[in-house]
Amino acid sequence: MTEHELDAAGLLCPLPVLKARKRLDSLKSGDTLRLIATDPASVIDVPHFCNEQGHELLSHEASDGRHIFRIRHK
C-alpha cells in the first residue's frame, strides 16, 4: 500500500473533492491519499464524498487554516 498526496490548497468547493475523486480513481485498492485543502467547506464535503463513494476517511487534522485528510481507496 502506498500513500499519495494531493495539494488542493487555495481551491474552492467543489474542486478539492473533484480532484480527490480523479486522483483516487488512479490508485489501487488500499492505497491512501493525503488531501490538503484550505476550503472551509471541505470538512463537510470530504467526509460526505468518502461515505458516498465507499472510501474510508482515516483521519482529519486542522491547523493554520489547512485541513489534512487521509483517505483509503476502497
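Reader: Which residues in α1 meet residues in α2?

Author: In this predicted model, Val17, Arg21 and Leu24 of α1 meet Asp45, Val46, Phe49 and Gln53 of α2. Contact requires heavy atoms within 4.5 Å. Helices (H or I, at least four residues) and strands (E, at least two) are DSSP runs, numbered from the N terminus. The residues of this contact divide into four nonpolar, one polar and two charged. Here Ala, Val, Leu, Ile, Met, Phe, Trp, Tyr, Cys and Pro count as nonpolar, Asp, Glu, Lys and Arg as charged, and the others, Gly among them, as polar.

Author: Residues are numbered from 1 along each chain as its sequence is written, and side-chain values use heavy atoms, with hydrogens and water left out. As the model is predicted, local features need pLDDT of at least 70 and side-chain atom pairs count only at pLDDT 80 or more, whereas totals for chains, interfaces and linings use all residues.

Reader: What is the handedness of the crossing of α1 and α2?

Author: The crossing is right-handed. That term applies if the near helix is turned clockwise from the far one by less than a right angle, and left-handed if anticlockwise.

Reader: Why are the buried residues of α1 said to line one face of the helix?

Author: Those residues are Pro16, Val17, Ala20 and Leu24. Seen down the axis of α1, they fall within an arc of 90°, so they line one face. The arc is that of the directions from the helix axis to the C-beta atoms. Buried means under 20% relative accessible area, exposed over 50%, and partly exposed in between (1.4 Å probe, protein chains only). The face of α1 turned away from the buried side carries the exposed residues Lys22 and Asp25.

Reader: What covers the buried residues of α1?

Author: The cover includes β1, β2, α2 and β4.

Reader: Why does Lys28 count as exposed?

Author: Lys28, in the loop between α1 and β2, has 64% relative accessibility and therefore counts as exposed.

Reader: What makes Gly65 count as partly exposed?

Author: Gly65 is found in the loop between β3 (56-63) and β4. Its relative accessibility is 49%, so Gly65 counts as partly exposed. Gly65 touches Ala37 and Thr38, not counting residues up to four places away in sequence.
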